[in-house]
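The stops below are meant to be followed in order.

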Amino acid sequence: MTQLWFAFALLLLPALWLLILPLRRAEGVRAAQQVAEANELDVEQNLAIYRRRLASLEAARERGDIGDERFEEDRLELERSLLEDTERANRRPLKSALSGRLLVPIAMIFLVVASVFWYRQQGAEGDLALRAAQQQVLQQPDASVSELVEALEQQAARQPENANVWRSLFPLYRDAGRVAEAESALHRLIELEGRQPALLAELAQLRYFAEGRTLGEDTQALVDEVLAEAPDQPTILGMLGIEAFENGEYRLAIDRWRRAIAGMSDNRSAEALRQGIETAQRRLAAAGEASDEERRNMTSGKNASPDAVIDKVVE
């Protein structure tokens, strides 16, 4: 984290320099403006120009080149121009080049404070702290899962609004058999990220196995909610395939597992489901219900134990 804040400080230096730059150039700009104003026509010159143009208008009227109406219009225009030139000439004196210099350090402080506040609200400081805590444990030669869990729990206490902390804790709790803590972490994750089908599917699967592979009322409600929004959600389909398999509905299990594989990105889980499909096909063959295509698949499949395969699916 120290290196991160040092990098931020380096990034702020150009911005702070740009704030100071106008103050450094102020004296030169003021001098140039004074020269420009000094070279402008003064009041006497403007009056002389006005008199010459008015005399020209009067001479043109006497010659008959313009009428009285045209003469009055042009005279009014000359007077308006004289008035505008006089107003421009009566400028207020220029302020000192150091005038308002206190605003520059105030603006610099505001920029630094606003940048730090914005990063704390929108940046990834919490994720960096989480990763640092994980790396600190994992880099130890004798690191254990319990030490990793303890480090993540400390991060959860420090940043309870960080969804990635709970996302990291959930699988550790689940794999350690700490079902209550796993469900609590998953609930917190759902509170932070909403009722996403993938998260609800994880919760349904957790409850399904915790209840001894039975679809209780609450679990079934979660399944229905997920399928209503994502009919091909692979976690739910894999779980329902297990449910069908254990009820002896092998064809239904095969269909659900095939649909689950189509939406999976985890090769290990997909391979486990493929072995489950082969097991279900053997059960169908034993019952004399397999089709010719299924028989061909079974003869070319692995000779895995049906119970061993279904255990991999459950895992």
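Does Y250 count as buried or exposed? At 17% relative accessibility, Y250 counts as buried, where buried means under 20% relative accessible area, exposed over 50%, and partly exposed in between (1.4 Å probe, protein chains only).

Before going further, note that this is a predicted model, in which local features need pLDDT of at least 70, side-chain atom pairs count only at pLDDT 80 or more, and totals for chains, interfaces and linings use all residues. Residues are numbered from 1 along each chain as its sequence is written, and side-chain values use heavy atoms, with hydrogens and water left out.

**The whole chain**

Colour the chain by pLDDT, which is the predictor's confidence in each residue, from 0 to 100. The chain averages a pLDDT of 76, and 64% of the residues score at least 70. Confidence is highest in helix 12 (residues 250-262), at a mean of 94, and lowest in helix 15 (residues 306-314), at 47. Select residues 298-311 to see a stretch where the pLDDT is below 50, although in the model this stretch has 23 contacts beyond near neighbours in sequence; a contact means heavy atoms within 4.5 Å.

With the cartoon in view, you will find 15 helices and zero strands; helices (H or I, at least four residues) and strands (E, at least two) are DSSP runs, numbered from the N terminus. Of the 315 residues of the chain, 30% count as buried. Among contacts between residues at least 6 apart in sequence, 54% join residues at least 24 apart.

**Helix 12 and Y250**

Return to Y250, whose place is in helix 12, and display the side chains around it. Not counting residues up to four places away in sequence, Y250 touches F245, A280, R283 and L284. Y250 and A280 are 30 residues apart in sequence, yet 5.3 Å apart in space, C-alpha to C-alpha.

Now select the whole of helix 12, which has 13 residues and reaches 18 Å from its first C-alpha to its last, close to the 18 Å expected at 1.5 Å a residue; the expected span is 1.5 Å times one less than the number of residues. The buried residues of helix 12 are Y250, A253, I254, W257, A260 and I261. They cover an arc of only 130 degrees around the axis, which puts them on the same side of helix 12; the arc is that of the directions from the helix axis to the C-beta atoms. An α-helix has 3.6 residues a turn, so residues three or four places apart point the same way.

**Helix 13**

Next select residues 267-286, which form helix 13, with 20 residues and a reach of 29 Å from first C-alpha to last, close to the 28 Å expected. Its buried residues include A270, L273, I277, A280 and L284. At the start of helix 13, look for D266, a side-chain oxygen of which reaches to within 3.1 Å of the backbone nitrogen of R268. At the other end, helix 13 is followed by G288, whose phi is positive, near 75 degrees.

Move to L189, which lies in helix 8 (residues 179-193) and, at 2% relative accessibility, counts as buried. Beyond residues up to four places away in sequence, L189 touches A163, W166, R167, G194 and L199. The C-alpha atoms of L189 and W166, 23 residues apart along the chain, are separated by 5.9 Å.

Then select E202, found in helix 9, which at 22% relative accessibility counts as partly exposed. E202 touches F170, R174, L186 and T235, again not counting residues up to four places away in sequence.

**Two loops**

Select N162, in the loop between helix 6 (145-158) and helix 7 (163-175); N162 is buried, with a relative accessible area of 11%. Its side chain makes a polar contact with the side chain of Q159 (2.8 Å). Here a polar contact is a pair of N or O atoms within 3.5 Å; within protein, one must be able to donate a hydrogen and the other to accept it, and residues adjacent in sequence count only if both atoms are side-chain atoms. The backbone nitrogen of N164 lies 3.0 Å from a polar atom of the N162 side chain.

Finish at R213, in the loop between helix 9 (197-210) and helix 10 (217-229), which has a positive phi of about 60 degrees although it is not a glycine.
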